[in-house]
Structures are given as structure tokens and as C-alpha cells.
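User: I would like to learn how to read a few features of a protein model. Please take them one at a time.

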Amino acid sequence: MSADSPVSLPDTALSLGDAPLLSASDVAVSFGDLDVVSGVDLRVEPGSLVGLVGPNGAGKTTVLRAVTGAVEPDAGTVEIGGDPASSLSAKAVGRRVASVPQTTNLAFDFRVRHVVEMGRTPHLGRFDAHGVEDDAAVDAAMAAADVDRFDDRSITAVSGGERQRVLLARALAQAAPLLLLDEPTASLDVNHAVETLELVRAFVDDGDRGAIAAIHDLDAAARYCDEVVVLANGGVRAAGPPESVLSASAVGAAFDAEAFVGRNPATGTPAVTAFPHSDVESRRVHVVGTGRPAARVVARLAAAGHEPSVGVVPAGDAAAGAAADAGATAVTAPPFEGPAEATIAAARDLAADADATLAVGVERSGDGANDPTGSDPTGSGPTVNGPPANGPNAEVAAAADDVVPVAVDVGDEELLDAVADAAAEKE
């Protein structure tokens, strides 16, 4: 998987036309008296990567096993390439679907290349030997998964991450149009995790193939998947494009956590941060401050269920971005310009009406008021010792009944306690 050359993958041996590669409707699976999942609907179209996300025990692996026939559903229907999965032989399923399991019990002393060659089994008769086409598919798959350099090594002698890549190579060599992956990056280092997901994207981007993957990394799912299916509490809780599905409320409900969903500045995709439950009473909180320290405070307050606002801040400031991601109010002024009186008044009103007003400290030299360079005309620069001494945000702070200074490195518990104490004093 070299960045210096394009990925070359084995040709898909079977085209399924315009039919969905996978279609599951109202699927239910139970083990004895334990209902694992029910009412599961999902589709994988050619050219798409679908991510299954959810907490441990939500049934992601069970769903993947059910759609390949490894587990018999108790209810519902599964079609692979437009045909009922139950009507297909194991070999026919193997020509249509290739799987990369999360774990494997390969304990025999197979060479790595022999393991990858097993992917060609659905294309061979009982007594057929590997031909030129099979060898070419194996070579391409091993090179794509970056395992060709230890092709003669025993599978028992490779690391867990290397073994995972061998299993990916085996699935690629199978040359099926649908790829199923169960936590494909769980045991990989950062480099190979990214390369694996890039490879899966290359697999589906040719337009004829598709993939469905159980992924525990929500940021990775948002970055690489066309659609995300959230499994929790025995069923599908949300499904759709990552931007619409990975909301703070959906993530919080599925994972039983408080969540803030922002925007990854490098990729532009949703970035999810989860926090433990804080069990606080929702309050209106106004934040005076700029930059990343104030942005972090806004994000944590929003995740806890508070209703934050911030300002006055320069347009484009990190704190304004965090407020936008949280659906909160940000009072902004053009950068390098003094805010209009109406802008200051709007921020004053927010501070006056808030249950608590926080002045987020920033570390800077000088007297701790405005930036000495003059690049911060909003006067948003409170120190750890208190609110701004002058400037427009001094007026904003003055409009509040009380202002609670907050250090740049304030801890989560300390921050939430400060809000609760300030709100209690105001009552």
C-alpha cells in the first residue's frame, strides 16, 4: 500500500448488475432466550462503503455473520446481489462476498501466501489447481495489503496487525464484489489503519464493488463511509450519511455517553468527542473568551446539556466554530475591527440573561487585557485572574451579575461545578 503508486486490485470476477450488493430487511437474530438484534434494515449499493457503528455488544458482528449465512436469522430476509442468500450455495456466496473477520483461528503452520491463496477457493473446482489468473489475483492482493514482503513467513509467526492484513489480502484475492469487514483496523498501527481504510475506499470507488464494515472509530467512519448505520439496544437507531447520523444526540443515546460533534479541520468530516455522564441541571451559560480554550469550554458545556453562548469573538474564531457545531449562539465581529455597538449590546444581553457567565483565561504577556498587538479589538482576552479589564468584552462581563474566572486548563469536573455554583448563587 505505497503512496507512491496507485493501488492495483484483483479484477472482480462477478458483476451483479444494478441489484444492491446486499439487502437486509427486518432481520432478527437471537441466541437461545437472548435477543441480539431485531428489525435490522440495511443496503449496500455498488460504489458505497457502509459503516456499522455501535457500542460493544450491540450486534455488529452478529449482523455481519447473518448477512453471509454464518448465522441463520430468526426472521427477516437477506439478499445478495438480488438473490435470497438462503438460495445460494456456500461457493456461490463466496463468489459474491468476501469477509475479513475480527479474529481467526489459523493455528496451523501455513505460509502467508498459502493463507491468501485460500481466497481463490470459491473459483476452483474440487480438483482444480491454481492457474495464472489465480496467481495474478493473489500477487495483486498481497501487494495491495502490504504483506508480499513476508509471503514465505508462517502465519503463526506474524504479529496481530500483520495477520489482520493477511486476512484482508485473502479477501481481496477472492475478487468478490462485496467486502465485509469486522473491525478491520482494531489491531493495526495508525499508518496501516489509514492505509487499510484507503484501500477499502479504493476497492469501492471503481463503482462496481461495495463494502460494509463494523468500525469502532467514529471519526474514521465519518471520514471514509458513505453511510453509517448505528446499532444499539438491539436494533438500528439511525442510518444515513455521517453528517446527519453522527449527531451529539444520536451518539450520546447509542453509547450512553455525553457527546460533542465538531468538525475535523483537516478532513472536514464530523469529529466525535465523548465524555462520561455528568448528571447536571441544564443552564444558560455565557462564555467570554476566544480561541481554543473558549472553544473547549463551549464544547464541554454543550455536551453536558447546558445551553452555551459566546461573544464577542472575531468571526472565524475557534470558539465561534465550536458554538456553530453545538447549535449555540456566537456573537461575532469582523476580525481586526472593533465591534459595533449593536454587537456589544447583543453579547451584553446574553451575559445578563445567563444563569452563569464564565471568563475563560488565556495565557499571554502584558497586562492581561487586550492583545498588545491590537489584533484582538474585541477585547476578548481575560486572564486566569478574572474578566477583561477593558475593551468591549469588559462591558459584556459587567452586564452579568457575577463572572466566574476559568483557567485555560480547567478540568471537566471543575468546569461543570463552577457553572452549578454560579447558577445556585444567582438563584
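User: Which backbone atom lies 2.8 Å from a polar atom of the side chain of S48?

Analyst: This is a predicted model, in which local features need pLDDT of at least 70 and side-chain atom pairs count only at pLDDT 80 or more, while totals for chains, interfaces and linings use all residues. Residues are numbered from 1 along each chain as its sequence is written, and side-chain values use heavy atoms, with hydrogens and water left out. A polar contact is a pair of N or O atoms within 3.5 Å; within protein, one must be able to donate a hydrogen and the other to accept it, and residues adjacent in sequence count only if both atoms are side-chain atoms. Here the atom is the backbone oxygen of E45.

User: Is S48 buried or exposed?

Analyst: Buried means under 20% relative accessible area, exposed over 50%, partly exposed in between (1.4 Å probe, protein chains only). S48 counts as buried because its relative accessibility is 13%.

User: Which residues does S48 touch, not counting those up to four places away in sequence?

Analyst: Contact means heavy atoms within 4.5 Å. By that rule S48 touches V204, R209, G210, A211 and D226.

User: What is the strand order in the open sheet of five strands?

Analyst: Strands of a sheet pair through backbone hydrogen bonds, either parallel or antiparallel. Strands (E, at least two residues) are DSSP runs, numbered from the N terminus, and two strands pair if DSSP finds at least two bridges between them. The order here is β15-β14-β13-β16-β17, with parallel pairing. β15 (329-333) and β17 (403-406) stand at the edges with a single partner strand each, so one side of each has no neighbour in the sheet.

Technical notes: Helix = DSSP H or I, 4+ residues; strand = E, 2+ residues; numbered from the N terminus.
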